[in-house]
Amino acid sequence: MSEGIPVRATVIWALLLLATGVTWCLGTDHRANAGGHVLVAMAIPVAFSKVYLIGMEFMEVRTAPRTLRVVFASWVVSFATALTLLYL
Amino acid sequence: MSTKIQLVCAWSGPATVVVATVGFLIAGVLPFPLGPNSTVTEVVDFYSDSTRVAAGLVIAGLGVCLVFPLVALIGVYMVRTEGRTPILTFVQLITGAATGVLLLLPLLLMTIGSFRPERNAELTVTLNDVSWLLFITPIAPFMIQNVAIGTSILQDQQSLLPRWVGYVNYWVAFLFVPDILAFFFHSGPFAWRGIFVFWLAFVAYGIFLMVMGWMLRRAILDDSVQAAPNAVATS
Amino acid sequence: MKVDSHVPTDLPEFLGGEPAVARQQCRPRPPAADGHTPGEPGLWVFILGDMSLFGAFFVVLLWQRRATPRTFEESARELLRFIGVINTAVLLLSSYLVVSALWAHRQGCWRRARISVLAALLCAAVFATLKVIEYLHVLRGGQGPTTNQFCTFYFVLTGVHLLHVMIGAGLLTAWLQQLRGHGSQSRFVEGVAVYWHMVDLLWVVIFTLLYLVCAA
């Protein structure tokens, strides 16, 4: 029939599941010490990295015209930065 | 002749935004509207400057009615895309007419609030509540109108209007969703003057009026350019 | 021959007039030289706009949190985190299935496409069911949308997201119907896929913020 879904997509998906596990651990039960605070804050960029991957790979923005790629990437970076700063 | 009238109707979209905003600024509704958690004193003080408030709200009330010609113009363009059964056109006309009324009536009520400012303070507060909640919460006609327009544009084989305008309509419809939360909160971002209710709806509806007015104007001008060669040929 | 301009000569089509003549495009669009826009350019106005609406929700959420972080923490800990994790995995799986369906659709493998879309719809149903179970749990625990700021954001954010999921399910169903007829409107199908991935990526952030960040 065909070659089916590209291996790249499967790898990305596995990465996303892994990252979900990582953010879960990062966000779980940290006492209110400075180290814990920063670790939790890292969950936000990790989450937005997942957003970036979903957009680039699943939504196929990677092969889209440059304008769209730039706008999408800017969106991800802006909100990731803003939210991380707001948390800290 | 019809082209000129259509162009006026297209301009009435942005005109709604401008006139209503000017009216609100004069009345003092903008930039800082009263909220559900405003004190009785604040509410009474607002309406006690009755001449200015009434004048501003009358202008705003006239302004929002400029929406009606735009609704009609949108209908003219939608009917061309639908052929024998212009169902979406009818939906848009009906709901568009409703949106005009749902904008006008609350402003009339607000204006009445300033009619007798020396009345019992509780009555003024209640009238204020009624006006604001009536103004903010009836999202359904707006959303249905936007969905009808969006669907019509995306189904249009001739692309009388650019397809992104259809998508903007869908987006604007979503932006109205939080407004019903105004019934449930007296303060915060979901109260009637909250950022996700009043401000979001104000911006969203403004975008809708500007985009539709501007793009319809372009479409009208494109059509008249196309019609002109034919007129030359038959004369 | 002089035509009396006051007599209307063209009735609209629904009143029996002639169908409108196809209008020539005044502004021919140059073909995109450097890539293929998934779906169509106009769609991305909606996608980025909708993402920005949620982005604004997120910003205000964390802004409000700064005032009462302890309250946020206590309320967030009431959420069933494992349901949140399962839901994240379910939506990621559904996105993967949609990618699979899109590839199958492009290659003309209708049966595989149909199975993938159906499986994605199943994921959507599981997500919605788990969400409802979680809502019931939270409500029974005494926290409602008006209890405090966090609860408001929880119910509003996940509620609006759930609305997006249901609309996405409707779009997936429409795709399924196209597949029955072996249709191949790639613009629509790609658009549906992009919308679904948006629903997925929004949930990733919602989960991270509501269930993890606020609860820490």
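The model is predicted; local features need pLDDT of at least 70, side-chain atom pairs count only at pLDDT 80 or more, and totals for chains, interfaces and linings use all residues. Residues are numbered from 1 along each chain as its sequence is written, and chains are lettered from A and ligands numbered from 1 in the order in which they are written.

Helix α1 of chain B covers residues 2-27. Helices are DSSP runs (H or I, at least four residues), numbered from the N terminus. At 1.5 Å a residue, its 26 residues should span 38 Å, and the end C-alpha atoms lie 36 Å apart, which agrees. The expected span is 1.5 Å times one less than the number of residues. α1(B) has a kink of about 40°, centred on Pro14(B). The bend is the angle between axes fitted to the seven residues ending at a residue and the seven starting there. Buried residues of α1(B) include Cys9(B), Gly13(B), Val17(B) and Phe24(B). A residue is buried with 20 or more other C-beta atoms within 10 Å of its own, exposed with 12 or fewer, and partly exposed in between; C-beta atoms are placed from the backbone. Gly28(B) follows α1(B), with a positive phi near 95°.

Ile112(B) lies in helix α5 (residues 87-113) of chain B. It counts as partly exposed because it has 15 C-beta neighbours inside 10 Å.

The contact takes 38 residues from chain A and 36 residues from chain C. Residues are in contact if their C-beta atoms, placed from the backbone, lie within 7 Å. On the side of chain A that touches chain C, α2(A) gives the most, with 10 residues.

Notes
Helices (H or I, at least four residues) and strands (E, at least two) are DSSP runs, numbered from the N terminus. Two residues are in contact if their C-beta atoms, placed from the backbone, lie within 7 Å.
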